[in-house]
Amino acid sequence: MKGNSMILDKARDLGISLSQSPEFIRMQSARALLDKSEDVSSALNEYKQKQEELLELLSTESPNRIFVASLSRDAEALRTQLLDNPIFTEVLEAQDDFEKLMRQVNKEISACIGTLNESNCSGTCSDCKGCH
């Protein structure tokens, strides 16, 4: 049990460190800007709604092709509008950077516990700088 306590303490420390990373702070700031922007939030919600409607329509046995095309055009117009907005693109970029950091963290943990499955990994760690 004591070993688990140490592991959980280190996990907590890692979580705190991640929450203080520039990537996480940037992501949270970008999301806060998105939440404050009624125009972007509204367009994002409308886009999500159109996507859900489109998926629901396509899951029917005989979807109305004209309605599918119309919904697709509407969703694409909203997507373009969102991608042209600097607030929205900042959210996407910030999320991507944080996800990259998380992949690096997970890769490091996997390498240290011996579960990293990469084609260039010998499994012995003798030629790896991952944990050391």
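How much of the accessible surface of the protein chain belongs to carbon and sulfur atoms? The share is 53% of about 9900 Å². Areas come from the Shrake-Rupley method with a 1.4 Å probe, and for residues only the protein chains shown count as cover.

## Basis of the model

This is a predicted model: local features need pLDDT of at least 70, side-chain atom pairs count only at pLDDT 80 or more, and totals for chains, interfaces and linings use all residues. Residues are numbered from 1 along each chain as its sequence is written, and side-chain values use heavy atoms, with hydrogens and water left out.

## Overall fold

The protein chain has 5 helices and 0 strands. Read from the N terminus, the order of elements is α-α-α-α-α. Helices (H or I, at least four residues) and strands (E, at least two) are DSSP runs, numbered from the N terminus.

The chain has 132 residues, and 20% of them are buried. Buried means under 20% relative accessible area, exposed means over 50%, and partly exposed lies in between (1.4 Å probe, protein chains only). Take the contacts with a separation of 6 or more: 62% of them join residues 24 or more positions apart. Contact means heavy atoms within 4.5 Å.

## Helix α2 against α3

Helix α2 covers residues 22-36, and helix α3 covers residues 38-58. Their axes come within 5 Å and cross at roughly 90°. That makes α2 roughly perpendicular to α3. On the α2 side, L34, D35 and K36 make the contact. On the α3 side, E38, V40, S41 and L44 do. By class, the contact has 3 nonpolar, 1 polar and 3 charged residues.

Some terms need their cut-offs. Axes are lines fitted to C-alpha atoms, for helices over the stretch in contact, and angles run from 0 to 180 degrees between N-to-C directions. Angles under 35 degrees count as roughly parallel, over 145 as roughly antiparallel, 65 to 115 as roughly perpendicular and the rest as oblique. Ala, Val, Leu, Ile, Met, Phe, Trp, Tyr, Cys and Pro count as nonpolar; Asp, Glu, Lys and Arg count as charged; the others, Gly among them, are polar.

## Helix α2 against α5

Helix α5 spans residues 86-113. The axes of α2 and α5 come within 8 Å and cross at roughly 155°. That makes α2 roughly antiparallel to α5. The crossing is left-handed: the near helix is turned anticlockwise from the far one by less than a right angle, whereas clockwise would be right-handed.

From α2, the contact residues are E23, F24, R26, M27, A30, R31, L33 and L34. They meet I87, F88, E90, V91, E93, A94, Q95, D97, F98 and L101 in α5. These residues divide into 11 nonpolar, 1 polar and 6 charged.

## Helix α3 against α4

Helix α4 runs over residues 65-83. The axes of α3 and α4 come within 9 Å and cross at roughly 150°. The two helices are therefore roughly antiparallel to each other. Their crossing is left-handed.

The α3 contact residues are V40, A43, L44, E46, Y47, K50, Q51, E53, L54, L57 and L58. Those of α4 are F67, V68, L71, S72, D74, A75, L78, R79, Q81 and L82. By class, this contact has 13 nonpolar, 3 polar and 5 charged residues.

Which residues does F88 contact beyond its neighbours within four places in sequence? They are L34, V40, L44, L82 and L83. F88 is in α5. F88 counts as buried because its relative accessibility is 11%. F88 and R31 are 57 residues apart along the chain, with their C-alpha atoms separated by 8.7 Å.

V105 also lies in α5. Its relative accessibility is 16%, so V105 counts as buried. Not counting residues up to four places away in sequence, V105 touches L14 and L18. The C-alpha atoms of V105 and L18 are separated by 9.6 Å, while the two residues are 87 apart along the chain.

F67 sits in α4. Is F67 buried or partly exposed? F67 counts as partly exposed, because its relative accessibility is 43%. The C-alpha atoms of F67 and L57 are separated by 8.6 Å, with the residues 10 apart along the chain.
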